[in-house]
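Let's take a friendly walk through this fold. Here are the sequence and the structure to look at together.

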Amino acid sequence: MTQAVPVIGLTGGMGAGKSTALAVLERLGAAGLSSDAIVHELLLRPEIVRQIVERFGTEVAPGGVLDRAVMARCAFGNDADRAWLEGLLWPLVGARAQEWIGEVRASTPPPRAAVVEVPLLFESGELDGYDATVAVIADERIRRERAAARGHAQLDEREARQLPQDEKARMATFVVRNDGTEADLERELSEVLDKLDR
């Protein structure tokens, strides 16, 4: 009998280190999927680009290619526009994640876990199918420095639509702090996988 692969939803605020945590979990034997990567793929689909252009105008896709920074400015500055974009993308992201989880569970040998990185995991309410959730948290100053270094546009608006990180931590099965070194993070995440292995 094959052992079931635990499915983990990985989340955290901007600059907390979700992508680093996902890479560490993959090194530790988990399979990983970034919902941001799924969104990148979706935003290359002509039918998705067409709908976004119809909503926001041709300035979001000069030459037919979506300009993500312009789209972010259009979508994140207005609740109705943000809700529309999320309504367009979230169901497609969720469907792709479920398809991927099925593929991972059927793989041989199975990984230690299937980890899906979802920045708005709790906000979206899409919690079905996860055996556990992990919130990555970090000191507020460190988070803002990391996010600014990556050039995130509309940082305050994006943060405003997310739950505070202490709320994410309260809702999560496991909380992992990412203020120190990557080795510290790896140690904490290894302990999480060990608990799920039991």
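Begin with the open sheet, in which 5 strands lie in the order β2-β3-β1-β4-β5 with parallel pairing. Strands here are DSSP E runs of at least two residues, helices are H or I runs of at least four, and both are numbered from the N terminus; two strands pair if DSSP finds at least two bridges between them. At the edges sit β2 (31–34) and β5 (174–177), each pairing on one side only. On average, neighbouring strands of this sheet are turned by 25° against each other, direction ignored.

This is a predicted model, where local features need pLDDT of at least 70 and side-chain atom pairs count only at pLDDT 80 or more, while totals for chains, interfaces and linings use all residues. Residues are numbered from 1 along each chain as its sequence is written, and side-chain values use heavy atoms, leaving out hydrogens and water.

Now look at β1 (residues 7–12) and β3 (residues 114–117), which pair in the parallel sense over 4 bridges. Isoleucine 8 has valine 115 in β3 as its bridge partner. Helix α10 (residues 182–197) packs on the sheet, touching β1, β4 (132–137) and β5; contact means heavy atoms within 4.5 Å.

Which residues of α10 are buried? They are Leu185, Leu189, Val192 and Leu193, where buried means under 20% relative accessible area (1.4 Å probe, protein chains only). Seen down the axis of α10, these buried residues fall within an arc of 95°, so they line one face of the helix; the arc is that of the directions from the helix axis to the C-beta atoms. Their cover includes β1, α1 (18–27), β4 and β5.

How values were computed: Axes fitted to C-alpha atoms, helices over the stretch in contact; angles between N-to-C directions. Buried < 20%, exposed > 50% of the residue type's maximum accessible area, 1.4 Å probe, protein only.
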